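Open the model in your viewer and keep the sequence panel beside it. The stops below go from one selection to the next.

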Amino acid sequence: MEHYNMNLNLKVWRQKNCKSKGEFKLYRVENISSEMSFLEMFDVLNEQLIHDGEDPITFDHDCREGICGACSMYINGKPHGPWQANTTCQLHMRAFNDGDTVVVEPWRADAFPVIKDLMVDRSAFDRIIQAGGYISVNTGNAVDGNAIPIPKDDADASFAAAMCIGCGACVAACKNSSAMLFLSAKVSHLALLPQGAPERKSRVMNMVAQMDKEGFGSCTNTGACEATCPKEISITNIARLNKEYLGAGFTSDK
Amino acid sequence: MTWKQVFTSSVGKKLVMGFTGIFLILFLIVHAGLNACIWAGDNGEMFTKGAHFMGSNWVPRILELGLFAGLFLHVIQGLMLEFANRRKRSVGYAVSYGNEGSKWYSRSMGLLGTLILLFLVLHLYHFWLPNRSNQGFLLGEEINLFEKMKLEFSVLWVVIVYVLGCISLGYHLAHGFQSAFRTLGIHNKRYNTLLTSVGYAFSITITLLFAMMPVSFYLGWV
């Protein structure tokens with residue numbers, strides 16, 4: 001695709017901290033290359049703001065390779081912007097045209113309070129993982145990976161679920177601010193493997209309980225999470241989570 | 001994990017919605033099947049026989065209590081979930097994701113359900129209430145429901161409200177049917193495809209069947 005430069009109008013959410021009331025501010029960026037990433041465009045804007053003695057815009061980012069799940073901007077009405085199966089850092093400016101107005105908001109959910117500007121606190125996800133998103137392994141020599149036979153389809157489905165980078169776009173996209181796609185991915189990738197079997201009942205129960213405690217909404221299967229997920233986590237995982245929950249709830253001994 | 005904990009978590013509440021939803025879907029099949037007797041072409045004879053059985057036999061009358069219990073649970077739980085979910089995002093978005101990520105009716109289950117509930121109030125007022133009060137709410141003498149249908153469905157606004165009620169039900173089912181089964185944990189690929197097509201087919205059939213009843217009376221087809 002041919003390279004071009006563009007001038008953009010940005011409408012960015014600015015908020016001092018979680019207690020203050022935020023508002024949109026208008027910015028103009030000029031001579032933005034179509035080959036820049038969206039975050040690089042924000043770097044240019046921040047350089048400009050620092051030069052003008054203003055407070056730069058705070059946003060989350062880390063790897064900028066689309067694999068860490070740190071970036072989290074809600075761009076023009078969609079988490080991670082207009083492209084499919086894509087993170088904000090991998091969104092490139094060729095997605096926009098000269099003269100466009102781009103609205104950038106933080107993830108909005110009470111379970112993800114705004115820390116500053118476009119940065120939200122997603123530690124709720126960490127606490128959900130801590131509640132059971134792991135397997136307990138005894139110390140000693142590691143067991144040979146091939147010692148436990150696993151059907152290829154199960155291994156593939158498990159890996160597809162394990163692709164979840166925990167960015168929180170599913171929560172941001174959901175009308176109920178539900179974390180079910182995230183939770184279901186974390187439950188599924190272990191539920192599909194024999195290593196996850198011993199703790200399967202307590203895992204699903206504890207993780208659902210923690211999710212509720214964090215203040216996420218409940219799932220109504222609208223599918224907005226799946227449509228926006230940068231890692232294309234399937235909503236089928238939510239049905240699998242429901243099955244795990246039903247099985248644990250009805251057969252648990254405790 | 002107590003039973004109470006199982007059914008009051010966010011997933012547990014959805015299970016209640018799913019179970020009661022499927023129960024109400026089964027009721028719709030019975031209701032539509034029985035009412036379809038109005039088209040038997042015998043001036044309501046077969047329909048009256050069926051209606052008489054449903055109203056005067058103690059088996060369906062006891063099941064009726066279960067129906068009200070299921071309906072009540074579905075409505076109360078649904079409204080509570082709707083309000084609770086709305087409270088999870090106190091600052092909304094300036095630009096909404098909208099129809100790009102999900103179907104409008106999947107996001108409007110609360111609204112569609114409320115419309116169906118309002119329609120149900122009118123519907124029970126038209127048929128169930130006069131019939132049961134005539135019976136003294138026990139197994140007393142019923143009214144002629146076929147004649148009552150003829151009377152009510154001779155008024156245009158009633159017919160329009162009924163058709164709108166059926167359309168709300170259709171959209172509610174278009175999402176609710178597949179969603180209920182997913183909530184119960186059906187995730188196999190082959191069933192997913194089946195569920196989607198059966199769900200849409202069921203929604204359209206039920207909507208058309210019920211909507212054609214007042215229309216048939218109004219146009220004098222029965």
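Is B:Glu82 buried or exposed? Select the residue: its relative accessibility is 13%, so B:Glu82 counts as buried. Bear in mind throughout that this is a predicted model.

**Between the chains**

A:Lys175 is partly exposed, with a relative accessible area of 26%.

**Salt bridges in chain A**

Over all chains, a search of the whole structure finds 18 salt bridges. Next, select A:Lys116 and A:Asp55, which form a salt bridge whose closest N and O atoms are 2.8 Å apart. A:Lys116 belongs to strand β6 (residues 114-116) of chain A and A:Asp55 to the loop between α1 and β3, so the pair ties together parts that are 61 residues apart in sequence. A:Lys116 counts as partly exposed, at 22% relative accessibility, and A:Asp55 also counts as partly exposed, at 44%.

Move on to A:Arg108 and A:Glu105. Here the closest N and O atoms of the salt bridge are 3.2 Å apart. A:Arg108 counts as buried at 4% relative accessibility, and A:Glu105 is buried with a relative accessible area of 0%.

**Helix α1 of chain A**

Select residues 38-51 of chain A, which make up helix α1. At 1.5 Å a residue, its 14 residues should span 20 Å, and the end C-alpha atoms are 20 Å apart, which agrees. Which residues of α1(A) are buried? They are A:Phe38, A:Leu39, A:Met41, A:Phe42, A:Leu45, A:Asn46 and A:Leu49. These cover an arc of only 150 degrees around the axis, which puts them on the same side of α1(A). An α-helix has 3.6 residues a turn, so residues three or four places apart point the same way.

Show the strands β1 (5-14), β2, β3 (74-75) and β5 (101-105) of chain A to see what the buried residues of α1(A) pack against. Then turn to the other side of α1(A), where A:Glu47, A:Ile50 and A:His51 are exposed. After the helix comes A:Gly53, with a positive phi near 80 degrees.

Most residues other than glycine have a negative phi. Select A:Asn31, in strand β2 (residues 23-33) of chain A. A:Asn31 is not a glycine, yet has a positive phi of about 55 degrees. A:Asn31 is exposed, with a relative accessible area of 56%.

A:Glu232 is another such residue, with phi near 50 degrees. Find A:Glu232 in the loop between α7 (224-228) and α8 (236-251) of chain A. A:Glu232 is exposed as well, with a relative accessible area of 60%.

**A nonpolar patch on chain B**

For the last stop, select B:Trp104, B:Leu156, B:Ile160, B:Leu164, B:Ile167, B:Tyr171, B:Tyr218, B:Leu219 and B:Trp221. Together they form a nonpolar patch on the surface, with about 890 Å² of accessible area. Which helix gives the most to the nonpolar patch? Helix α8 (residues 156-183) of chain B does, with five residues. B:Tyr218 lies in helix α9 (residues 189-218) of chain B and counts as partly exposed, at 35% relative accessibility.

How values were computed
Residues numbered from 1 in each chain as written. Chains lettered and ligands numbered in written order. Predicted model: local features only at pLDDT ≥ 70, side-chain atom pairs only at ≥ 80, totals over all residues. Heavy atoms only, no water. Patch = residues over 30% accessible without salt bridge, like charges linked within 9 Å, V, L, I, M, F, W, Y side chains within 5 Å. Areas by Shrake-Rupley, 256 points an atom, 1.4 Å probe, with all protein chains shown as cover. Salt bridge = Lys/Arg side-chain N within 4 Å of Asp/Glu carboxyl O. Helix = DSSP H or I, 4+ residues; strand = E, 2+ residues; numbered from the N terminus. Buried < 20%, exposed > 50% of the residue type's maximum accessible area, 1.4 Å probe, protein only. Expected span 1.5 Å × (residues − 1). Arc of directions from axis to C-beta. Contact = heavy atoms within 4.5 Å.
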